[in-house]
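Subject: Structure handover

Hello,

Here is the structure we talked about. Please open it first, then read the notes below.

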Amino acid sequence: MLGDLLKIVLAVILPPLGVFLEVGLGKHFWINIILTLLGFIPGIIHAVYIIASR
């Protein structure tokens, strides 16, 4: 649980890092990169969703 909290904090600061720590270099990582480049908030939302759903 503490690890998930740390990942969520990292996801708010740098969304792709939080997703990378959760799933590695999979498709969700690349989707998050694109969302973060299009707008920082969508990247954060996606990252928190990925971390919370696993």
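V9 is partly exposed, with a relative accessible area of 43%. This residue sits in helix α1, which covers residues 2-13. From V9 to I31 the sequence separation is 22 residues. In space, the C-alpha atoms of V9 and I31 are 19 Å apart. Keep in mind throughout that this is a predicted model.

Next, helix α2. It spans residues 15-23. Which of its residues are buried? P15, P16, G18 and V19 are. These four lie on the same side of α2, because they cover an arc of only 160° around the axis. After α2 comes G24. The phi of G24 is positive, near 80°.

Then the packing of two helices. Helix α3 takes in residues 27-38. The axes of α2 and α3 are 9 Å apart, and the packing angle is about 175°. An angle over 145 degrees counts as roughly antiparallel, so α2 is roughly antiparallel to α3. Which residues make the contact? On the α2 side they are P15, P16, V19, F20 and V23. On the α3 side they are H28, F29, N32, I33 and T36. By type, the contact residues of α2 and α3 comprise seven nonpolar and three polar. None is charged.

Last, the aromatic rings. A pair of aromatic rings is described by the distance of the centres and the angle of the planes. How many aromatic pairs does a search of the whole structure find? Two.

- F20 and F29: the centres are 5.9 Å apart, with 65° between the planes. This pair is edge-to-face.
- F29 and W30: the centres are 5.0 Å apart and the planes are at 80°, so this pair is edge-to-face.

Planes over 60 degrees apart count as edge-to-face. F29 takes part in the pair with F20 and in the pair with W30. Together, F20, F29 and W30 form one aromatic cluster.

Is F29 buried or exposed? F29 is buried, with a relative accessible area of 11%. F20 is partly exposed, at 36%.

Best wishes

Terms used: Residues numbered from 1 in each chain as written. Predicted model: local features only at pLDDT ≥ 70, side-chain atom pairs only at ≥ 80, totals over all residues. Heavy atoms only, no water. Buried < 20%, exposed > 50% of the residue type's maximum accessible area, 1.4 Å probe, protein only. Arc of directions from axis to C-beta. Axes fitted to C-alpha atoms, helices over the stretch in contact; angles between N-to-C directions. Parallel < 35°, antiparallel > 145°, perpendicular 65-115°, else oblique. Contact = heavy atoms within 4.5 Å. Nonpolar A, V, L, I, M, F, W, Y, C, P; charged D, E, K, R; others polar. Phe/Tyr/Trp six-rings, centres within 6.5 Å; stacked < 30°, edge-to-face > 60°.
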